[in-house]
Amino acid sequence: MKIAVLPGDGIGPEVVEAALPVVEALGLPWELRFGEIGWSCWRRGGDPVPEATWRLVEESDGGLLGAVTSKPEREAQAELDPELRGRGLAYVSPVVQLRQRLDLYANLRPAADFLGSPPRFDYAIVRENTEGLYAGFDVADVHGELWELVRRHPNAARSGPEGVRVALRLQTDVGTDRILRFAFELARREGRTSLVVADKPNILRASGQHLRERLALVAPDYPEVAAEVQNADAVAMRLVADPGGFGVVVAENLLGDVLSDVAAGVSGGLGLAPSGNVGERWSYFEPVHGSAPDIAGQGVANPLGTILSIAGLAEHLGSRDEADALRRAVRTVVARGEHVTPDLGGGATTGQAARAVIAALG
Ligand code: NAD
Ligand code: IPM
Ligand code: MN
């Protein structure tokens, strides 16, 4: 199998380099092919995902990504090669590009408790990955019908069209049904009997009602799974205070982004959290964390989120036993606490922590 490896920037290359030896240690039948992605591609070439990387991805069976920097528009323009400025190039986060262009609609973010013994919880967040506030309707030029709509708000009327920006949360039948089905299928496959859809139906009345209606259409196909919509803010609180009861949590894009970082914080920190971006034809896995500029270059980034992402990719591509073995090895290393990085209270380097996992594989 051909695997596209995209280390990215910041701590991305550090965690990927440390984590990759587990592929050989497990004997996975993967041919690794490396590609460029991220901030330096933007600065040099005006696109954080170069054409060669799209080709690499197309020719692969799956991908592993480290981390990439995404800066706001003004900083992005300021750091662009002077030769490329003024050409109307706009920075779009490379991970959002991959998810949108390849229609990787499901973002799977398992939340297993790595700190508690015995583990206090083990659930999965399924984040919609293509719509919501990430759909691309983040509008600076508010005029015409859109202005007629938003001027009803007194602050908009007082600010005028120049003083208003609008971000639209897109929610469709197609996008909603497939993320719900993905979540139910996951629950069924893993024997999970509870599915919570985290949303704000009491405030976002039209889209919230739509979500409830689509859930009511899909849920009867999965009678063994108890499903309900709950308020996302209350879900966030319960993920911290009482996470034991969750099986699968589903949320639209931005809510899922936030909730999955909450889950990561409770599970053992961002350095441990894995994720997968799954579509019909292709998928790539990556740690939930970003490029962590505050610790990049110091050799102390936790590689375990990347290693658990390799486990996710292995499972997705059919190597279930290897994935389980890898997860057990990570659990052993965290429980022993001898070879963990500073974010987990240890003194190990990125490489030492990864080698400890390989040693624990036996
Ligand atoms: P971040 O995840 O990079 O860092 C948040 C905090 O967690 C930092 O204190 C960092 O040191 C720590 N941390 C993260 N990963 C760690 C690891 N493996 N080991 C130890 N500590 C770790 O989030 P941020 O600071 O909000 O964003 C930094 C940059 O990364 C931004 O440009 C952002 O857009 C980007 N980002 C990229 C991705 C991605 O590539 N998928 C995800 C999130 C953020
Ligand atoms: C994530 C990240 C991304 C997101 C950023 C880097 C675009 O935070 O994968 O959770 O917001 O989805
Ligand atoms: Mn995030």
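Visitor: Which residues surround ligand 2?
Guide: In this predicted model, ligand 2 is surrounded by Ser-93, Val-95, Val-96, Arg-99, Arg-109, Arg-127, Tyr-134 and Asp-257. A residue is near a molecule if one of its heavy atoms lies within 4 Å of it. Local features need pLDDT of at least 70, side-chain atom pairs count only at pLDDT 80 or more, and totals for chains, interfaces and linings use all residues; side-chain values use heavy atoms, with hydrogens and water left out, residues are numbered from 1 along each chain as its sequence is written, and chains are lettered from A and ligands numbered from 1 in the order in which they are written.

Visitor: How far is Arg-127 from an oxygen atom of ligand 2?
Guide: A polar side-chain atom of Arg-127 lies 2.7 Å from such an oxygen. For Asp-257 the distance to a ligand 2 oxygen is 2.8 Å, and for an N or O atom in the side chain of Arg-109 it is 2.9 Å. A polar contact is a pair of N or O atoms within 3.5 Å.

Visitor: Let us change topic. What volume does the largest pocket have?
Guide: The volume of the largest pocket is about 860 Å³. Of the 37 residues that line this pocket, Pro-110, Glu-190, Arg-192, Glu-315 and Arg-327 are the closest to its centre. On a 1 Å grid over the protein atoms alone, a pocket is an open set of points with protein on both sides within 12 Å along at least five of seven lines, a cavity is a set where a 1.4 Å probe fits but cannot get out, and lining residues have an atom within 4 Å of a point. A volume is the space filled by probe spheres set on the points, which are joined across faces, edges and corners.

Visitor: And the second largest pocket, which residues lie nearest its centre?
Guide: They are Tyr-91, Val-92, Leu-133, Gly-136 and Asp-138, out of 19 lining residues. This pocket has a volume of about 530 Å³. Helix 6 and strand 6 (138-139) each supply at least two residues of its lining.

Visitor: How many cavities of 30 Å³ or more are there?
Guide: The count comes to one. The largest cavity has a volume of about 130 Å³, and helix 9 gives the most to its lining, with three residues.

Key: A polar contact is a pair of N or O atoms within 3.5 Å; within protein, one must be able to donate a hydrogen and the other to accept it, and residues adjacent in sequence count only if both atoms are side-chain atoms. Helices (H or I, at least four residues) and strands (E, at least two) are DSSP runs, numbered from the N terminus.
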